[in-house]
Amino acid sequence: MDRLNDPPSLVIVSDLDGTMVDHDDPGNLALLRFNALWEASYRHNSLLVFSTGRSPPSYRRLRKEKPLLTPDITIMSVGTEIAYGESMVPDDDWKRYLDNNWDRKAITQETAKFPELIPQPETENRPHKVSFYVEKGKASEVILGLSKCLEKRRLDVKILYSNGTALDILPQGAGKGQALTYLLEKFKADGKGPVNTLVCGDSGNDAELFSVPDVYGVMVGNSLEELLQWYADNAKSNPKIIHATGRCSAGIIEAIGNFSVGPSVSPRDITEKSVEKPFNPGHEVVKLYIFYERWRCGEIENSEQKMQTVKSTFHHAGSFVHPSGVEQNRHQILDAFEKLYGDKQGIRFQVWVDRVSFAEISLGSWQVKFDKWELCGNELQGCSTKVLMNSKHSEFCRLMHQMSLHGCTCIRLGWIVQDKMTRLGLSRSSFNFITFYWETTIRDLSIHNINVKRRPWNSEMTVKDQ
């Protein structure tokens, strides 16, 4: 939360499985559309919150399997655990709050009386969450009987049933809705109450999110009947809640536009020359890498005229400086870039950026930091990048450094951008430094004592939690 100095323009609070993540979309196309929109238009002044039923170990598995952005806050285990930032620092105040009147031992004594309850894996049973599987046809009877037993023991708990199979017992003060309410109160106490909040879900355990006052809500197009029934019974007259037509992330983008809370056109959906907008380093970086992806996939024209346009965008003094100190001139850069065309054609090749941040370090000069990820087949490689970008025409800028996040280093192509950038479909020409990448292996490379991170990739989803 300390990342922003001012109140966030938008806070998106989204469930993961079946909402942000579409497990029926093997190419993750809708998720990549959302990623591009968020990093281009929202990361610099808004907050992304994931609210999932997954435990921390299960959530970390999902991050290895899907191209998820790094959230500012993660709510896990159906609202019983809250963590901040990439390092997932736990909220100990929330833990202490849930400890009040919580007797896990007594709960397990009562649940043992119901043979219909099948315990979930140990990783999914958390300090403030007792979880089971139960058949849909038996769920109502079991919930009724279990509720009476827990009431007799004067246990202040709640029972949630979702996805037609998962039964969770939580402290009465826990849940996705209560966790969000707690966070919103913290924002306000710090003088950073969000301008707009959008909650997103698809199943029964997301219903509490839509009950939080003064939030917009979207039930994505593939929402389960249990959530739609809750909506019909409790919130049908609320104009701030909609049932989107788009599935998962596409439904979230749809809701952003429906409620007019900010830009709702993903850079991945822009194929024609866009209308000139005020200079935004994040937006230009995102569009640059979409162009790079499509160039290597052969999805854009590779005519002599197009290459001449690319060449004309390079400033005559443009150069590439490798972290090792080796410098390459304009001609070397252009030759290498031209040879990349279509080298990933017919291969699953996707590029996205994460954690884009920028700061104006002098008039018209911007320092931009971001993580760039490339997925080729099932192999994922990432680079943490820092670049200098200039919004003034014809001023020279240079790459500052880049490190590998996956055990290899990527070479950068850097140049000054001229007015003809719009002819590449890259929006306006107001920024003067962009980078392209090709892969090379460099051993024993140390870059400013920055730790190398590795993120494996597994294309198969083996665990699907609520």
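A residue is termed buried when its relative accessible area is under 20%. By that criterion, 57% of the 466 residues in this predicted model are buried.

**Whole protein.** Begin with the complete chain in view, coloured by secondary structure. Twelve helices and 20 strands are present. Among contacts with a separation of 6 or more, 67% join residues 24 or more positions apart.

**Helices H1 and H9.** Next, select residues 29-41, which form helix H1, together with residues 248-258, which form helix H9. The two helices pack with their axes 7 Å apart, at an angle of about 40°. This angle makes H1 oblique to H9. Display the side chains at the contact: H1 contributes Ala30, Leu31, Arg33, Phe34 and Leu37, while H9 contributes Ser249, Ala250, Ile252, Ile253 and Ile256. Sorted by class, the residues of this contact comprise eight nonpolar, one polar and one charged.

**Strand S12 and Ile241.** Now move to strand S12, residues 241-243, and select Ile241 within this strand. Is Ile241 buried or exposed? Its relative accessibility is 4%, so Ile241 counts as buried, the cut-off being under 20%.

Leaving aside residues up to four places away in sequence, Ile241 touches Phe210, Gly217, Met219, Tyr231, Ala235 and Phe259. Finally, select Tyr216 and draw a distance between its C-alpha atom and that of Ile241: the separation is 5.9 Å, although the two residues lie 25 residues apart along the chain.

How values were computed. Residues numbered from 1 in each chain as written. Predicted model: local features only at pLDDT ≥ 70, side-chain atom pairs only at ≥ 80, totals over all residues. Heavy atoms only, no water. Helix = DSSP H or I, 4+ residues; strand = E, 2+ residues; numbered from the N terminus. Buried < 20%, exposed > 50% of the residue type's maximum accessible area, 1.4 Å probe, protein only. Contact = heavy atoms within 4.5 Å. Axes fitted to C-alpha atoms, helices over the stretch in contact; angles between N-to-C directions. Parallel < 35°, antiparallel > 145°, perpendicular 65-115°, else oblique. Nonpolar A, V, L, I, M, F, W, Y, C, P; charged D, E, K, R; others polar.
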